[in-house]
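Please keep the sequence and the coordinates open while going through them.

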Amino acid sequence: MATATADESDHAAGRSMQALADEYVEGYELRDAEDANGNAGDYTPSERERMLIQDAVHGLIAGDDFLTAAGLAYLERQRQRRTEGGCLGCGAPAGEHWGGAPGMLRAGLHE
Ligand SMILES: [Zn+2]
């Protein structure tokens, strides 16, 4: 059985929150935005807007207040899923898994 090296363990523990945020922001686009006239539409941020979003997220995740709140929210969510018998990975009812579009059930997502 293979054992993880320290580097692999660090990687397995997750890319840094900053790297995750950067990846998310790089691919972020607003979907179904509603303009002042109530018309739905999509919006792709400019590079400057993307930089501003990234900077704001970096500032947010650098603070202990956010990290503490995020950790507590995660623990509470998992406790609730465990109490309700849902999947700890996605929160769907026991034996099912959320996947694809919101509200859609797809069996075997975590298998
Ligand atoms: Zn699941």
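1. Helices here are DSSP runs of H or I with at least four residues, numbered from the N terminus. Met51 is found in one of them, helix α3. The model is a predicted one.

2. The chain holds four helices and two strands. Following the sequence, their order is α-α-β-β-α-α.

3. Burial is quickly reported: of the chain's 111 residues, 0% count as buried. As for contacts between residues at least 6 apart in sequence, 21% join residues at least 24 apart.

4. Two packed helices are described by the angle between their axes and the distance between the axes. For helix α2 (residues 17–26) and helix α3 (residues 47–61), the axes come within 10 Å and cross at roughly 155 degrees. Angles over 145 degrees count as roughly antiparallel, which makes α2 roughly antiparallel to α3. The crossing of α2 past α3 is right-handed.

5. Which residues of α2 and α3 meet? From α2 come Met17, Gln18, Ala21, Asp22 and Val25, and from α3 come Arg50, Ile53, Gln54, Val57, His58 and Ile61. Sorted by class, the contact of α2 with α3 has six nonpolar, three polar and two charged residues.

6. Is Met51 buried or exposed? Met51 has 12 C-beta neighbours inside 10 Å, and a residue with 12 or fewer counts as exposed, so Met51 is exposed. Met51 and Glu26 are 25 residues apart along the chain, and their C-alpha atoms are separated by 9.1 Å.

Key: Residues numbered from 1 in each chain as written. Predicted model: local features only at pLDDT ≥ 70, side-chain atom pairs only at ≥ 80, totals over all residues. Buried ≥ 20, exposed ≤ 12 C-beta atoms within 10 Å, placed from the backbone. Contact = placed C-beta atoms within 7 Å. Axes fitted to C-alpha atoms, helices over the stretch in contact; angles between N-to-C directions. Parallel < 35°, antiparallel > 145°, perpendicular 65-115°, else oblique. Left-handed = near helix turned anticlockwise from the far one by under 90°. Nonpolar A, V, L, I, M, F, W, Y, C, P; charged D, E, K, R; others polar.
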